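Please keep the model open while reading.

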Amino acid sequence: MGKRARNFSMQAYWERITEDWQPILRFRGTSQADWRAWREEALPKFLELLGDLPAPVPLNAEVEATVEEGDLIRERVILDTEVHMSLPCWVLRPKAMASDRSNPAILCSHGHGPYGKDTVAGMRSSAGHEQDIASANYDYGVQMARAGFLTLSPDLRVFGERRDGPDPFPGRDPCNVNYVKGTLLGINTLTLNIWDMKCCVDYMQSRPEVDPERIGMMGLSQGGTMTTFTAAAEPRIKAADIIGYVNPWREFGIKRANFCGSQIVPGIHRWFDTDDIAGLIAPRPLLLEMGIYDNCFPIQDLLAGYEGVKRIYEAAGAGSELWADIHAGPHAFAANKAFDFFHRYL
């Protein structure tokens with residue numbers, strides 16, 4: 001008998017134990033009855049894993065400034081989302097938009113980067129802002145407003161104005177540091193961000209311009225994480241555009257550690273993969289954007305995620321409500337199908 005090979009590497013350990021990993025609630029069915037039974041079990045488990053949501057407080061919404069920018073009106077809005085937390089946002093809307101509660105709105109979430117909401121909302125305050133917008137076609141808050149939607153772009157926690165200084169934990173990602181702090185208290189930072197997004201929906205529903213039944217969400221990268229998790233948990237989001245995110249956790253999480261503490265909750269992959277969570281959005285309309293030159297999430301992984309979501313949507317009888325935009329671009333907003341998608345479904 002040969003001597004058993006020893007292993008000292010934690011990376012090899014994680015890769016070996018996940019080689020044939022199958023989440024407990026991975027969707028394995030084919031029929032609408034299979035989908036209904038799966039969703040009846042999967043959605044409560046997903047919400048359980050997110051953990052307790054904060055106690056609601058009055059939003060105390062304050063429009064701090066309003067300015068005209070060409071054909072748009074830009075507003076700086078502050079909301080309270082918890083007793084100990086407030087949320088800064090940019091709201092953009094067409095100058096001609098009527099205040100008759102008839103218009104669609106889109107919640108626009110930013111990705112993992114220092115400028116937070118500002119680049120998504122088209123703020124060009126520095127060369128870095130300009131570079132981010134150019135490289136990722138990142139100002140979708142502006143682009144969707146010009147297409148006729150009211151858009152709201154908030155800062156996720158530890159980004160933009162919610163970052164504790166330019167480098168609060170030198171050499172470390174503030175997302176990871178705050179994840180550990182929250183774990184000490186049994187609080188998930190991803191769940192706190194989902195709560196903030198739900199408060200944004202509350203606010204958009206209160207706007208005089210917005211039809212409360214016509215609210216969508218979109219986001220790139222970590223914004224894709226937020227769109228996936230929030231739309232799965234929040235039925236008031238009627239249509240969602242996930243840009244460059246849905247792909248197997250073993251590839252980007254286990255093998256490449258391409259994530260941060262603000263994008264996970266404990267035990268999530270024991271129960272689900274990302275395509276299962278995106279599949280919880282079914283039967284509501286969903287667009288997945290995938291760039292063949294994405295250097296953050298390789299196209300083969302994005303396509304694998306899409307196939308998983310497609311299986312769920314087809315089983316749900318909603319295959320026509322799942323759109324794919326496979327584009328010849330990088331980790332960026334494609335700006336191909338999103339406009340038609342939201343105009344059709346909102």
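Which helices each supply at least two residues of the lining of the largest pocket? They are α6 (174-185) and α7 (189-206). The model is predicted, and the values below are computed from it.

## The largest pocket

The largest pocket has a volume of about 450 Å³. Its lining is made up of 15 residues, and those closest to the pocket centre are M85, R157, N178, T189 and L192.

Helix α6 gives the most to this lining, with 4 residues. By residue class, the lining of the largest pocket splits into 5 nonpolar, 5 polar and 5 charged residues.

## The second largest pocket

The second largest pocket holds about 360 Å³ of space. Lining this pocket are 16 residues; nearest its centre lie I254, G267, I268, H269 and R270.

Three helices, α1 (10-17), α9 (249-255) and α10 (268-271), each supply at least two residues of this lining. The lining of the second largest pocket comprises 11 nonpolar residues, 4 polar and 1 charged.

## Helix α12

Helix α12 runs over residues 299-315, which is 17 residues. From the first C-alpha to the last, α12 reaches 24 Å, close to the 24 Å expected at 1.5 Å a residue. Just after α12, G317 has a positive phi of about 75 degrees.

The buried residues in α12 are I299, D301, L302, G305, Y306, G308, V309, I312, Y313 and A315. Among the elements covering these buried residues are the helices α2 (32-50), α9 and α11 (274-279). The strands β8 (286-291) and β9 (322-327) also belong to this cover.

## Arginine R26

R26 is in the loop between α1 and α2. Is R26 buried or exposed? R26 counts as buried because its relative accessibility is 18%, and the cut-off for buried is under 20%.

The side chain of R26 makes a polar contact of 2.9 Å with the side chain of D276. Leaving aside residues up to four places away in sequence, R26 touches W38, W271, D273, D275, D276 and R311. D276 is therefore on both counts a partner of R26: it is in the list of residues touched, and its side chain is joined to that of R26 by the polar contact, where a polar contact means N or O atoms within 3.5 Å.

Methods. Residues numbered from 1 in each chain as written. Predicted model: local features only at pLDDT ≥ 70, side-chain atom pairs only at ≥ 80, totals over all residues. Heavy atoms only, no water. 1 Å grid on protein atoms, 1.4 Å probe; cavity = no way out; pocket = protein on both sides within 12 Å on 5 of 7 lines; lining within 4 Å. Points joined across faces, edges and corners; volume = space filled by probe spheres on them. Nonpolar A, V, L, I, M, F, W, Y, C, P; charged D, E, K, R; others polar. Expected span 1.5 Å × (residues − 1). Buried < 20%, exposed > 50% of the residue type's maximum accessible area, 1.4 Å probe, protein only. Contact = heavy atoms within 4.5 Å. Polar contact = N/O pair within 3.5 Å; in protein donor to acceptor, adjacent residues only side chain to side chain.
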